[in-house]
Amino acid sequence: SWEPTCGMYLLSVGADQTCRLWSRLPPLQNDGANDSTNDCTSRIWKEVGRPQVHGYDLNTVACIGTGKGEMIHRFVSGADEKEARAFDAPIQTMKLLRQLHGGVGHKEDTNGKEERVERAFIPSLGLSNRATAADAMEEGFETGITNDTENGDKASQGTGDSSSDPSNGPILDMIADSLPHERDLGVISLWPEVRKLHGHLTEMVCLASTAGRCKELDDQVLVASACKARTIEDAAIRVWSVESNMCLDVLKNGHKSTVVSLSFSPSGKFLASAGKDRRLCIWKRNTDTKTMPVGFSLSAIVESAHKRIIWSVDFCPCNENILATGSRDGKLKIWRVSVEDEESSVAVKEICCFEPSYKGDKKVVPITAIAFAPKTIKYNDEEHAILGVGLECGLIEVWAVPINSTLSGYCATLLHLMPLTNCHIDSIKKLAWQPLKPSDNDDTEQMNNFGLTLASCGIDHGLRIYRLNFKSQ
């Protein structure tokens, strides 16, 4: 999950029971590289923090900090337990991010809310991080890194092992000196836990957040969660307000089995869900929030939307009427979601169905992850959404999907197939595009020639970050 305001960092979780924070190191001086070039030699990504070290396997994570409804630099994670946990960045991490990225995305946003702590620690026999400085001293931990960026002094930690190349220059060496060692990541870079979201009865499976995705809801960030369903009752989806530590709604009678993927529409009006029962459900948000509490009602169900389990669902961020689903049956379907009247009637129509271009030695290559990019591309004089597709074999494809087409021959076009040597060696679990910076949306020169960053993670325990350059045709 990317940091939602400008994609400053990437969070990943896994079966090693840790949450890891990955950030791009500052580019070298005089390297001439920028976000629109093809030269990626200066783009060095490194693990600079380990916000959570848990006692259960971590399954899902969602960033929620927008600086409005939620303090910036917060996230929620779900594990093989019955509750989700929310975490807040400590001062130590804030200092490090300022050193790496300058003032970008570091607005003061406490607004009278709780102050940030210096750092967190794990108490003896504890499952989660605590924030009490006095207790930390009793545990005997050191405070960790220091960041004296005004004086240009090097931090107290030793040189990072991934940036020791002397050709990188003194600037990068100084940054590397301030990064924590591998042995210290699980101690000095922990984030304190600030909330527990109780309500599910089984292990957490997936999370989705409106942060960064639904600009209209930034003042009230919503989080949707689902758990492993052993009964029909367990298949309910819960909608949370992390700030108020409340479950706002429980969405029942939609699914009969485990929900494995959730997605909010760009306006926050719709929530799409899909899972093992092969159903595609569309939930519509209450429009009159002044007289009614925030909640969602079931507005449409597509029975047997695919022949096999639906592994991934995603709304197009550039057109909330466009929805994509990917399934184990090897089909990727594009749906149009439209509101028929102001009451609650929603129509869901399949407008396109296609298969990945790669087949290998199998007749069907299951689709395990999909994600729409935050920007569109002009292709054949028509606006197309950019869709990343992850396969069970570990390959990644990028497709162009027309989003405003009125032609009867509606079809998607393959833009790029990732080289085999750059892909995963096992099933892809999730794809996520880096959010655009505010300057990227206002730059008219990049409308026809721009670059986007895509992150992927897989069962092979790998996390990969790709830089793709697009040019309108």
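Analyst: A residue counts as buried under 20% relative accessible area, as exposed over 50%, and as partly exposed in between (1.4 Å probe, protein chains only). Helices (H or I, at least four residues) and strands (E, at least two) are DSSP runs, numbered from the N terminus. The model above is predicted, so local features need pLDDT of at least 70 and side-chain atom pairs count only at pLDDT 80 or more, while totals for chains, interfaces and linings use all residues. Residues are numbered from 1 along each chain as its sequence is written, and side-chain values use heavy atoms, with hydrogens and water left out.

User: Which residues of helix H1 are buried?

Analyst: Helix H1 covers residues 91-101, and its buried residues are Gln 92, Thr 93, Met 94, Leu 96, Leu 97, Gln 99 and Leu 100. After H1 comes Gly 102, with a positive phi near 70 degrees.

User: Which residues other than glycine have a positive phi?

Analyst: Most residues other than glycine have a negative phi, and most peptide bonds are trans. Asn 253 has a positive phi near 65 degrees, and the phi of His 461 is also positive, at about 70 degrees. Asn 253 is in the loop between strand S11 (246-251) and strand S12 (259-264), whereas His 461 is in the loop between strand S25 (449-458) and strand S26 (463-471). Asn 253 counts as exposed because its relative accessibility is 70%; His 461 is exposed as well, with a relative accessible area of 77%.

User: How many aromatic pairs are there?

Analyst: A pair of aromatic rings is described by the distance of the centres and the angle of the planes. Rings of Phe, Tyr and Trp (its six-membered ring) pair if their centres lie within 6.5 Å; planes under 30 degrees apart are stacked, over 60 edge-to-face, and the rest tilted. This rule gives 8 aromatic pairs. The ring centres of Tyr 9 and Trp 191 are 6.4 Å apart with planes at 85 degrees, so this pair is edge-to-face. Tyr 9 belongs to strand S1 (residues 9-13), while Trp 191 is in the loop between helix H4 (185-188) and strand S7 (193-198), 182 residues apart. Tyr 9 is buried at 1% relative accessibility, and Trp 191 is buried with a relative accessible area of 1%.

User: Why is the pair of Phe 75 and Phe 87 stacked?

Analyst: The ring centres of Phe 75 and Phe 87 are 5.1 Å apart and their planes are at 15 degrees, so the pair is stacked. Phe 75 lies in strand S5 (residues 74-79) and Phe 87 in strand S6 (residues 83-88), so the pair ties together parts 12 residues apart in sequence. Both Phe 75 and Phe 87 are buried. Through ring pairs, Tyr 9, Phe 75, Phe 87 and Trp 191 form a cluster.

User: Which residues have the most contacts inside the largest nonpolar core?

Analyst: In soluble globular proteins, nonpolar side chains tend to be buried together. A nonpolar core is a set of buried Ala, Val, Leu, Ile, Met, Phe, Trp, Tyr and Cys residues joined through side-chain atoms within 4.5 Å. The largest one has 40 residues, and Ile 334, Ile 386, Leu 387, Trp 433 and Phe 470 have the most contacts inside it. Strand S20 (residues 367-379) supplies the largest share of this core, 7 residues. Apart from this core lies another, of 21 residues, including Tyr 9, Leu 11, Leu 25 and Leu 100.
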